[in-house]
Amino acid sequence: MGSRIKQNPETTFEVYAEVTYSGVSCTGKDPEVRRQFPEGYSDQEVLQTLTKFCFPFYVDSHAVNQVGQNFTFVLTDIDSKQRFGFCRLSSGAKSCFCILSYLPWFEVFYKLLNILADYSAKGQDSQRSELLETFHKLTIPEPGTSVHLGVHSYFTVPDIRELPSIPENRNLTEYFVAVDVNNMLHLYASMLYERRILICCSKLSTLTACIHGSAAMLYPMFWQHVYIPVLPPHLLDYCWYMLLGVFRTTMWTTRGFYAGFEDEDFIDFLTKTC
């Protein structure tokens, strides 16, 4: 089977959302979309799912340390094509900037999110709206093309058809830093055997980067099964399926989490036992 990346998407991104979350369980409130672009985006099912993936942890002292980190979740559409949710946490891990796109342009969207977060912090609403509108209307350029969206907003279109390289590929670079060679080979073999794989880490950026990096190592093959780079607490039942990533504090607060998992299926980046 071929790639699960959608060919020739209509726009550079589907929706941009700023999501807030009190993190206080007693209020019974879920994360909420405070601002979105386009304003007329009406797929409420996608927005509701997106908000929960923006906060794949219980907000506590550990989660606060995730502020400023970039991470990426994946949603699979009805045609089995992957949509990438590029995120940046801020405001004590109670606010998240998210862009949902079919384009796996990690470095581009992370850079864009940092600029948007800076605009929001400074109250530069007009600059933020102008940047989003320009990028949304942009005809998707050919790989290798330099694109200028503004004075401080420019990037080169990545070529996703090529084997990723270091240091250009952020995910692969972080993967090689976090995991030693023996465990990397062990994970690669497990993926080739299509085993169930659960990856745990206390840093969201490292967690999702390593999962995306390990999947990229399969080139020219592609992972075809359940693929959830970061799993929100409300979906913990999915931990019996294929390639998953779980934030460490979420795992610790779940009784019997390890039940049914063999040692070779479990990978912990914090202790470098992977």
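The lining of the largest pocket comprises, by class, 24 nonpolar, 9 polar and 8 charged residues, where Ala, Val, Leu, Ile, Met, Phe, Trp, Tyr, Cys and Pro count as nonpolar, Asp, Glu, Lys and Arg as charged, and the others, Gly among them, as polar. The structure is a predicted model, in which local features need pLDDT of at least 70 and side-chain atom pairs count only at pLDDT 80 or more, whereas totals for chains, interfaces and linings use all residues. Residues are numbered from 1 along each chain as its sequence is written, and side-chain values use heavy atoms, with hydrogens and water left out.

The volume of the largest pocket is about 1300 Å³, a pocket being an open set of points on a 1 Å grid over the protein atoms alone, where a 1.4 Å probe fits, with protein on both sides within 12 Å along at least five of seven lines, and lining residues having an atom within 4 Å of a point. Among the 41 residues that line this largest pocket, Ile5, Pro104, Asp159, Ile160 and Arg161 are the closest to its centre. Two or more lining residues are given by each of strand S4 (82-90), helix H3 (106-121) and helix H7 (204-216); helices (H or I, at least four residues) and strands (E, at least two) are DSSP runs, numbered from the N terminus.

The second largest pocket holds about 410 Å³ of space. Of its 14 lining residues, the closest to the centre are Thr49, Phe53, Val74, Leu75 and Thr76. Helix H1 (44-53), strand S3 (70-76) and strand S9 (227-228) each give two or more residues to this lining, and H1 gives the most, with 4 residues. By class, the lining of the second largest pocket divides into 9 nonpolar, 3 polar and 2 charged residues.

In soluble globular proteins, nonpolar side chains tend to be buried together. The largest nonpolar core has 71 residues, of which Tyr16, Leu50, Cys54, Phe73 and Phe109 touch the most other members; such a core is a set of buried Ala, Val, Leu, Ile, Met, Phe, Trp, Tyr and Cys residues joined through side-chain atoms within 4.5 Å. Ala17, found in strand S1 (residues 15-20), is buried, with a relative accessible area of 0%, where buried means under 20%, exposed over 50% and partly exposed in between (1.4 Å probe, protein chains only). With neighbours within four places in sequence again left aside, the contacts of Ala17 are Val33, Arg35, Gln36, Leu50, Cys96, Phe97 and Cys98.

The whole structure contains 8 salt bridges, each being a side-chain nitrogen of Lys or Arg within 4 Å of a carboxyl oxygen of Asp or Glu. Glu133 forms a salt bridge with Lys137, the closest N and O atoms being 2.9 Å apart; Glu133 counts as partly exposed at 36% relative accessibility, whereas Lys137 counts as exposed at 62%.

How values were computed
Contact = heavy atoms within 4.5 Å. Points joined across faces, edges and corners; volume = space filled by probe spheres on them.
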